[in-house]
Amino acid sequence: MGLPFEVPETGGSIYYRNGNDIINPRWTVKNAQNAQTTNRVYGTGQLTYDFNDNLNITYRAGLDFYNERNHAYSNKGGVNSDVDLFGFYNTWDNNVSIWNHYLALNGNVTLTHDEKLGLNFIVGGDTRAERFNRQGVSSTGQIVFDVQKHFNFENQTPIQFIQNRNIIGVFGELSFDYDNYLYLTLSGRNDWVSNLIRENNSRFYPSASVSFIPTTAIEGFGGSDSWGINYLKIRGGVGSSAGFPEGYPTVNSIVQATKQDGGLAGGSNGIVTNSVDNFQANPDLKPELIQEWEIGFDARFLKNMVNLGLSYYSRSTTDLIVFKPLPTSTGFTQTQDNIGKVEGTGWEVDLGVDIFKSGQADGFNWNSRVNFTTNEQIVTEQEDDQIIYTGFTNLGNAAIKGEQLGVIVGTRIERDENGNKVVGADGIYRGQEEIAIDANGNEVPSGTEGSRNIVPIIGNPNPDYVMNFINTLSFKNFTLGFQISHVKGGDIYSQSVGTLLGRGLIVEDRRDSFIVPGVLENGEPNTIQIDNATYYFDNLGFSSNQEETLIFDASVIRLKEVSLSYNLPKKWLDKTPFGSVSFTASGYNLWYDAYNMPDRANFDPNVAGIGVGNSRGFDFLNGPSSKRYGLSVKVSF
Amino acid sequence: MKRFKYIIIAFLPVLAFLQGCETTELENLDDPNNLGPDQADPALLFNSIQTNYRDAVTTFNDIGGDLGRIEYMFGRVYRENYTGSALNGPWADLYSDMMPDITTIENLNADGSLNFVLGASKAMQAHIMMLLIDYMGDIVWTEANNPAEFPNPTLDDDEAVYQAALSLLDEAKGLLTQDNSIVLDMYYDGSAEKWVRFINTLKMRASLTLGDYQAVINASDVIEADGDNMVFEYGTNQLEPDNRHPDYSTDYTASGANEYRSNWLMNLMLGNEGDVLKEDDTIPVTRFDDPRRRYYFYRQKEVTPGNSTYLFFEGNGQFFIYPDDLGGSSVDAQTLICSTQETPAHIQFTPDEAYWCSNFLGYWGRTHGNAEGIPPDNFTRTASGVYPAGGRFDDNLDWVVLSADQSELTLYEAGVGIGLGAGGAGIEPIILSSFIEFWRAEAYFKLGNNSMAAEHMMEGLKESINYVASFGPRDGSANLSFAPSEKHIEDFINSKMDEFTNASNSTSLGSDGWPTTKDKMDIMGEQFFVAMYGAGADAYNFIRRTGYPRTLARSIEPNPGTFPRSLLIPASETGANENISQKQDLQTQVFWDSGVTNPAN
């Protein structure tokens with residue numbers, strides 16, 4: 001680290017390699033940057049007119065407008081790719097505005113004479129207009145070192161992207177309540193979206209829910225003094241909602257590109273090309289429908305010291321909208337389509353206990369809460385054998401009938417008929433790109449009648465369950481909070497760990513030699529000895545023919561948050577204009593242990609490496625996660 | 001104040017109303033980020049078709065060159081090197097890039113004004129179709145590009161699609177009746193006559209593949225002159241766009257060269273003395289060196305570890321061996337680890353031993369199948385030269401110079417760098433006039449006419465050497481006095497033709513799998529491969545069609561697996577297409593492949 005990283009004459013990167021073909025990370029820290037400044041304005045204005053005590057009409061307009069000003073640059077003098085060598089500077093603004101207009105008629109009515117049965121109703125409509133407008137400039141070819149302005153670059157190309165969508169809805173809701181212990185709500189809504197054709201652009205989705213509070217209904221049951229059940233509410237509901245596509249999936253288009261490589265004939269300005277877009281229009285695209293029913297209860301016991309909430313739900317999504325890859329020989333490579341049906345169930349449990357509860361205002365209190373969630377969504381209906389909806393053609397998340405949505409598919413180690421791993425003549429495993437499965441998901445020989453051909457399933461990024469343990473202790477004016485989370489299960493494909501292993505950085509003993517377990521092509525057990533470097537580099541860390549070797553279990557226990565806050569005593573604030581003042585020091589992500597991953601990797605499965613999208617369970621060489629410390633002051637007037 | 005309140009109250013609904021009209025708009029379907037389907041410009045579509053054709057042919061040249069040992073193939077086991085993603089590029093170039101654009105042009109051609117563009121595009125399409133069949137076997141055809149009716153197209157029989165491609169060529173020929181000077185034609189500059197010659201050449205190529213030797217000999221109006229050569233010319237621009245030859249962009253960087261040249265090819269072209277032969281009459285000639293070697297390869301270092309070069313001593317004007325005669329050793333474990341290793345057992349006592357690790361006179365490359373990591377040799381390994389990559393002409397001496405007082409040793413001052421040599425202004429050769437001559441030579445040989453075969457082989461050598469030599473001036477800073485003289489070229493061609501004439505029609509293999517002596521097809525095959533440097537697509541066909549040359553480098557891996565007879569179906573297709581499942585291995589034979597094996601594989 002003490003060696004120089006910059007060439008004195010040019011400011012370029014210099015590193016240990018003889019041919020200087022790897023960029024020095026310290027040079028990158030000094031000479032490259034991605035930054036964003038966001039300005040945001042949002043607010044609503046509301047007008048209400050009361051016809052009488054029971055009926056009013058409301059109009060609300062909301063605007064959320066933000067501008068993200070982005071810039072990304074690297075000075076010239078990096079290594080390898082053209083943009084590194086010659087420098088680049090990209091600036092672009094994302095202007096996003098979301099307009100909401102809401103108009104509704106609210107009313108309440110008492111339906112019976114004894115005033116036990118009441119009705120609230122809402123009827124109205126709203127619109128949502130989303131406008132996304134990106135504009136910017138991309139410059140390459142830096143002239144003077146370390147000046148990041150567009151006039152200092154030789155070539156400019158535009159950055160421009162526009163996406164607009166309107167959603168219009170009308171809705172109605174009826175809420176009945178009987179004597180404060182029985183409630184029934186019925187609602188229905190219909191949405192229309194602007195980027196689908198008229199025949200397919202609307203979706204109606206109703207819902208209903210019921211809740212019953214026995215402790216209020218039945219005399220003598222419940223109440224704050226008893227050691228038994230203090231409060232109980234039983235609830236159930238059926239709901240549905242719709243999802244809409246983004247972009248413009250119903251039309252074909254022509255892609256035009258400038259400054260393309262036209263060789264000598266095209267000259268230094270390049271050529272302009274037109275080409276039919278590889279995205280196939282799908283005018284039959286419909287909105288997706290999510291339906292769910294749920295039952296559960298909330299209860300308080302033991303003089304309100306214990307809180308228990310439990311829900312069980314079953315969710316089914318039909319016409320799920322995904323980006324579906326198409327066979328290239330059709331002339332298109334992708335389309336947006338509704339795929340079959342995804343169904344699943346889940347549990348949510350929340351238990352809170354006041355371990356210590358002091359009667360005095362500034363006594364010692366300790367409240368502890370555990371919540372537990374688990375969910376499994378399985379693809380139950382689908383025409384295609386497999387849809388790899390995100391990732392690459394041979395590594396990504398896929399929808400396969402009979403499997404959980406989002407299983408990771410990729411190349412795997414070849415297996416023979418008995419399930420043994422096959423070793424090649426060079427002593428390392430052989431890879432396999434495609435397998436066949438039958439209707440029940442069992443592997444069958446390729447070409448079997450009625451089998452489905454898929455890229456092998458190598459992992460499942462969905463966790464078995466997620467648990468959070470949240471504690472709050474308070475004494476006098478101090479409050480200490482800490483939160484521990486446990487994610488169990490869920491696989492991750494980690495290139496970070498693969499690189500650490502493949503380069504021998506976290507291997508315990510680099511002198512070991514290996515005979516990988518498996519059989520040779522002729523069926524005999526493997527006896528070829530390979531050295532440490534071959535095992536970790538060729539076989540495990542950097543073998544794209546068997547991505548399966550980079551799948552790890554991502555279970556992790558994490559100390560998510562620790563915070564200590566101090567409220568100024570009220571009597572100090574008597575003569576001041578402040579109502580309350582509190583200081584909080586907090587730390588986030590202070591400790592974690594991914595206990596099933598290789599020990600010395602210290603890998604955090606929580607790295608957000610894939611950006612916004614439907615991907616799950618992939619890490620392509622991300623930086624480490626961070627601990628965050630903060631101090632905040634909260635003042636009320 | 002009240003009025004103020006009412007004004008605001010009145011203002012808000014007006015604002016909402018004005019904004020509201022836009023927010024309630026439905027059926028807003030058109031994509032503002034692209035052009036609409038009826039806004040396509042046929043000239044710009046033609047640009048896209050030409051660049052996609054170039055990309056597809058480049059991939060076939062690279063794969064064919066690797067399998068034919070003309071280029072360096074990385075990776076020990078054939079099955080692991082050529083997975084389902086190997087042909088993803090050309091498959092997509094044909095079906096999802098070229099064919100939809102050609103259909104769009106066809107739909108705009110009601111008045112026949114686009115006949116030239118359509119004819120040229122269909123010729124390029126047919127060539128890619130035939131190359132895909134050659135490399136893969138069955139491909140999609142009748143059900144292609146019709147997603148409404150065939151969302152999961154099935155494969156057609158390869159022989160039938162080959163015939164369809166030939167009919168497409170006839171259709172294209174019929175459309176190419178008039179020149180077109182308006183559109184940008186990056187291959188033949190708008191000349192319909194040259195496109196027709198190219199089409200006839202493709203048909204001649206198909207005849208050769210199918211074994212119709214008489215048709216090959218009878219073919220007329222084909223590529224004969226340099227001006228008819230089917231090549232893509234690159235430029236020297238570095239950014240926006242980078243229009244340099246791809247091998248140049250990889251090799252001529254600020255961090256040194258990044259590709260390896262093929263040791264087998266360098267050894268074949270080296271002769272046994274290099275230019276020393278011209279200086280020292282006492283050295284007996286066993287092999288003349290190929291006059292094209294200074295154009296194909298650019299050496300950066302005077303000696304390869306584990307090998308040697310000549311040393312010219314100014315004191316007495318004689319040649320010695322460097323570094324051995326000075327008492328040194330060129331072995332260097334850091335830059336070329338194999339220089340410290342023993343020859344692998346299966347290579348010992350075979351001709352491979354001469355070049356499995358290093359070559360004479362500083363030619364530093366790798367042999368077939370080497371899969372080692374990269375040592376710090378970016379500025380010492382041999383880089384691509386001025387042909388066809390537009391790099392530097394190799395004007396290094398074939399020896400180092402020791403001053404008379406033995407104090408000063410002059411080594412190479414050579415190295416790659418951005419913008420050096422021809423700056424990337426090279427070509428991607430697709431079909432050259434010299435290839436035609438070798439096709440004719442093969443056809444005559446198969447028909448039993450050895451003298452005509454020799455005549456055309458000689459013509460092929462001449463045309464190839466002259467074409468390659470024309471690239472010398474592209475490197476403005478080179479010392480072209482090192483270019484081969486007329487006499488050298490004549491001596492080389494004569495020596496090769498003598499070798500050919502004196503060889504028998506067929507010889508047997510020794511116990512090590514190598515031919516006891518080279519026969520006529522070995523020699524013709526070797527020279528054909530040398531001429532195909534940079535355009536190796538047809539080398540893979542040649543090996544499978546003839547089983548020659550048997551003197552190709554064996555793999556450094558004793559068990560590389562069976563040599564592929566065809567490659568896998570692109571994974572991008574099998575992953576999304578229910579009706580096509582992947583092949584089990586690389587042994588499916590294309591319809592024209594009789595299965596003849598080459599002992600080199």
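Here are some notes on this two-chain model, which is predicted.

1. Start with chain A as a whole. It has six helices against 34 strands, and its C-alpha trace spans about 90 × 70 × 60 Å along the principal axes. Of its 637 residues, 43% count as buried. If you look at contacts with a separation of 6 or more in chain A, 62% of them come from residues 24 or more positions apart.

2. Next, surface and charge on chain A. The accessible surface comes to about 32900 Å², with 53% of it belonging to carbon and sulfur atoms. Chain A carries 48 positive and 71 negative side chains, and the centres of these two sets sit 9 Å apart.

3. On to the interface. Chain A puts 88 residues into the contact and chain B puts in 87. The area buried between chain A and chain B is about 7100 Å², and carbon and sulfur atoms give 54% of that. On the chain A side, Asp261(A), Asn274(A) and Ser329(A) are the trio to click on: they supply 9% of the area that chain A buries against chain B, more than any other three residues.

4. The disulfide count over all chains is one. The pair is Cys338(B) and Cys357(B), with sulfur atoms 2.0 Å apart. Cys338(B) and Cys357(B) both lie in the loop between strand 4 (318-322) and strand 5 (383-384) of chain B, so the bond ties together parts that are 19 residues apart in sequence. The torsion about the S-S bond of Cys338(B) and Cys357(B) is about 80°, so this disulfide is right-handed. Cys338(B) and Cys357(B) are both buried.

5. Why does Asp519(B) count as buried? Because its relative accessibility is 0%. Asp519(B) sits in the loop between helix 15 (486-502) and helix 16 (520-531) of chain B. Setting aside neighbours within four places in sequence, the contacts of Asp519(B) include Tyr548(B) and Arg550(B), along with the run Ala503(B), Ser504(B), Asn505(B), Ser506(B) and Thr507(B).

6. Beyond neighbours within four places in sequence, Glu437(B) is in contact with Glu224(B), His456(B), Glu459(B), Gly460(B) and Glu463(B).

7. Glu240(B) to Pro241(B) is cis, with omega near 0°; Pro241(B) falls in the loop between strand 1 (230-233) and helix 9 (246-251) of chain B. Tyr387(B) and Pro388(B) are also joined by a cis peptide bond, with omega about -10°. Pro388(B) belongs to the loop between strand 5 and strand 6 (399-402) of chain B.

8. Last, positive phi at non-glycine positions. Asp179(A) has a phi of about 55°, and this residue lies in the loop between strand 5 (153-178) and strand 6 (182-193) of chain A. With a relative accessible area of 30%, Asp179(A) is partly exposed. In chain B, Asp221(B) also has a positive phi of about 55°. Asp221(B) is in the loop between helix 8 (213-218) and strand 1 of chain B, and at 40% relative accessibility it counts as partly exposed.

Notes: Residues are numbered from 1 along each chain as its sequence is written. Chains are lettered from A and ligands numbered from 1 in the order in which they are written. Side-chain values use heavy atoms; hydrogens and water are left out. A disulfide is a pair of cysteine sulfur atoms within 2.5 Å. Helices (H or I, at least four residues) and strands (E, at least two) are DSSP runs, numbered from the N terminus. Buried means under 20% relative accessible area, exposed over 50%, partly exposed in between (1.4 Å probe, protein chains only). Contact means heavy atoms within 4.5 Å. Accessible areas come from the Shrake-Rupley method with a 1.4 Å probe; for residues, only the protein chains shown count as cover. Lys and Arg count as positive and Asp and Glu as negative; His and the chain ends are not counted. The place of a charge is taken as NZ of Lys, CZ of Arg, CG of Asp or CD of Glu. Buried area is the accessible area (1.4 Å probe) that two parts lose on being put together, summed over both.
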